[in-house]
Amino acid sequence: GLVIIVLIIYQSRRKSEKLLLNMLPAKIARRLKKKEKPIADRFDNAAIVFIDIVGFTNFSSDKTPEYLVEVLTDFFTRMDALADKHGMEKIKTIGDRYMAVCGLPEPNHASVECAARFALESREVMRQYQTRDGQNLRVRIGIDAGVVVAGIIGEKRFSYDLWGDVVNTASRMESLGIEGEVQITDCVRQKLDGSFITIERGEIEVK
């Protein structure tokens, strides 16, 4: 009886740990398990990427809930795979929007380059993407880089989130961007230092 109880406890802990790792970066999950509070860090070289499906509200107006969940699950799964490939950390999804970062919780001196490669491959994947009934989905992508604060918020339903001007600006780069393109700030362009081809769009008003 004791062996069975120990085995059940072990399996329960393994499931809890797996769930925690699905929700949080591994390094942050370990700190949380040690009951560290508060968990809050500053990172000087983070690169933030936002990806959004263009016109998803209109697209979803005549679709069933099951169909929409299927499409979003497929979309986010593809983004997750690319994030892992390019060393990005998924932060969250907001509706049909995907947010990822490079340069934390493990610092990365090449964070901007990783974010750019992730964004470009995401764009190419979505250019070729079709739903099971043959519909195309297009995305806008925005990037900014710089200083952010990252930490755990909440008690019962906690999450790992980011704060800082670059988070807001990356979001604006996406929302004010061009369909099928990756829009970056001049700060990102300078950090890329000619290793990627960029085209000047001109000045746009950004809140």
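Which hand does the crossing of α4 and α5 have, right-handed or left-handed? The crossing is right-handed, and the legends below look at that helix pair along with several other spots in this predicted model.

**Figure 1. The whole chain, as a guide to the close-ups.** This is a predicted model of a chain with seven helices and six strands. Going along the sequence, the elements come in the order α-α-β-α-α-β-β-α-β-β-α-β-α. The chain has 207 residues, and 41% of them count as buried. Take the contacts between residues at least 6 apart in sequence: 69% of these join residues at least 24 apart.

**Figure 2. Where α4 meets α5.** Two packed helices are described by the angle between their axes and the distance between those axes. Here the axes of α4 and α5 (residues 111-127) come within 10 Å and cross at roughly 145 degrees. On the α4 side, the residues in the contact are F75, R78, M79, L82, A83 and K85. Their partners in α5 are F118, E121, S122, V125 and M126. Sorted by type, the residues of this contact come out as seven nonpolar, one polar and three charged.

Figure 3. Setting aside neighbours within four places in sequence, A83 is in contact with M88, Y98 and F118. One of these, F118, belongs to the α5 side of the helix pair.

**Figure 4. A cis peptide bond at P105.** Look at the link from L104 to P105: this peptide bond is cis, with omega near -5 degrees. P105 is placed in the loop between β3 (97-102) and α5.

Figure 5. I53 is part of strand β1 (residues 40-53). Is I53 buried or exposed? I53 counts as buried, because its relative accessibility is 1%. Its contacts, not counting residues up to four places away in sequence, are L72, F75, D96, L137, R138 and V139. Among them, D96 is 43 residues away in sequence, yet the C-alpha atoms of I53 and D96 are 6.1 Å apart. Another, F75, also takes part in the contact of α4 with α5.

**Figure 6. K63 in a loop between helices.** K63 lies in the loop that runs between α3 (56-60) and α4 (65-85). Where does its side chain reach? The K63 side chain comes to 2.7 Å from the backbone oxygen of F59. Beyond residues up to four places away in sequence, K63 touches L68 and Q135.

**Figure 7. T185 and its polar partner D144.** T185 is found in the loop between β6 (182-184) and α7. With a relative accessible area of 11%, T185 is buried. Its side chain makes a polar contact with the side chain of D144, at 2.7 Å. If you leave out neighbours within four places in sequence, T185 is in contact with I143, D144, T169 and M173.

**Figure 8. D193, with a positive phi.** D193 comes in the segment after α7 (186-192). D193 is not a glycine, but its phi is positive, at about 50 degrees. At 66% relative accessibility, D193 counts as exposed.

Technical notes:
Residues are numbered from 1 along each chain as its sequence is written. This is a predicted model: local features need pLDDT of at least 70, side-chain atom pairs count only at pLDDT 80 or more; totals for chains, interfaces and linings use all residues. Side-chain values use heavy atoms; hydrogens and water are left out. Helices (H or I, at least four residues) and strands (E, at least two) are DSSP runs, numbered from the N terminus. A polar contact is a pair of N or O atoms within 3.5 Å; within protein, one must be able to donate a hydrogen and the other to accept it, and residues adjacent in sequence count only if both atoms are side-chain atoms. Contact means heavy atoms within 4.5 Å. Axes are lines fitted to C-alpha atoms, for helices over the stretch in contact, and angles run from 0 to 180 degrees between N-to-C directions. A crossing is left-handed if the near helix is turned anticlockwise from the far one by less than a right angle, and right-handed if clockwise. Ala, Val, Leu, Ile, Met, Phe, Trp, Tyr, Cys and Pro count as nonpolar, Asp, Glu, Lys and Arg as charged, and the others, Gly among them, as polar. Buried means under 20% relative accessible area, exposed over 50%, partly exposed in between (1.4 Å probe, protein chains only).
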